[in-house]
Amino acid sequence: GSPARVLMGVFSHAALLVGGGIAAGNLILAIVATQVTQIYPWRFVTVALLITSMVMVAVGVLACVVPARRALRINPTEALRQT
């Protein structure tokens with residue numbers, strides 16, 4: 001296992017979790033938006049959706065840095081087994 005493969009293991013697992021969170025959050029936002037569009041225009045809701053999605057991706061990537069660095073310090077075979 002190369003370092004690139006270890007990083008792919010760590011970041012692919014995080015991508016699944018963050019992607020699921022974004023999908024669930026966007027679904028909830030869409031449901032709520034249908035109720036509040038009389039107060040806020042759809043453009044505001046769309047911008048809110050994009051901003052929250054970008055923030056979640058950024059937080060997800062930052063949250064992977066420490067585990068990825070830790071995984072690179074141990075034996076690659078062991079690191080892949082833990083992901």
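Ser 53 is found in helix α2, which spans residues 42–73, where helices are DSSP runs of H or I with at least four residues, strands are runs of E with at least two, and both are numbered from the N terminus. The model is a predicted one, in which local features need pLDDT of at least 70 and side-chain atom pairs count only at pLDDT 80 or more, while totals for chains, interfaces and linings use all residues. Residues are numbered from 1 along each chain as its sequence is written, and side-chain values use heavy atoms, with hydrogens and water left out.

**Ser 53 and its surroundings**

- With a relative accessible area of 15%, Ser 53 is buried, a label that means under 20% relative accessible area, whereas exposed means over 50% and partly exposed lies in between (1.4 Å probe, protein chains only).
- Once its neighbours within four places in sequence are left aside, Ser 53 is in contact with Ile 22 and Asn 26, contact being defined as heavy atoms within 4.5 Å.

**Overall make-up**

- The secondary structure of the protein comes to 3 helices and 0 strands, and from the N terminus on the elements run α-α-α.
- Of the 83 residues in the protein, 17% are buried.
- The protein exposes about 6100 Å², of which carbon and sulfur atoms supply 71%; accessible areas come from the Shrake-Rupley method with a 1.4 Å probe, and for residues only the protein chains shown count as cover.
- Among contacts between residues at least 6 apart in sequence, 76% join residues at least 24 apart.

**How α1 and α2 pack**

- Helices α1 and α2 pack at an angle of about 155 degrees with their axes 9 Å apart, the axes being lines fitted to C-alpha atoms, for helices over the stretch in contact, and the angles running from 0 to 180 degrees between N-to-C directions.
- That angle makes α1 roughly antiparallel to α2, since angles over 145 degrees count as roughly antiparallel, those under 35 as roughly parallel, those from 65 to 115 as roughly perpendicular and the rest as oblique.

**The nonpolar core**

- The largest nonpolar core has 6 residues in all, namely Val 6, Val 10, Ala 14, Cys 64, Ala 68 and Ala 71, such a core being a set of buried Ala, Val, Leu, Ile, Met, Phe, Trp, Tyr and Cys residues joined through side-chain atoms within 4.5 Å.
- At least two residues of this core are supplied by each of α1 (3–36) and α2.
- Apart from its neighbours within four places in sequence, Ala 68 is in contact with Leu 7, Val 10 and Phe 11.

- Leu 7 has its place in helix α1 and counts as partly exposed at 30% relative accessibility.
- Not counting residues up to four places away in sequence, Leu 7 touches Ala 68 and Leu 72, and its C-alpha atom lies 7.9 Å from that of Ala 71, although Leu 7 and Ala 71 are 64 residues apart in sequence.
- Pro 67, in helix α2, is partly exposed with a relative accessible area of 36%, and its C-alpha atom is separated by 9.3 Å from that of Leu 7, 60 residues apart along the chain.
- Arg 69, also placed in helix α2, is exposed with a relative accessible area of 54%, and Arg 69 and Val 10 are 9.8 Å apart in space, C-alpha to C-alpha, while 59 residues apart in sequence.
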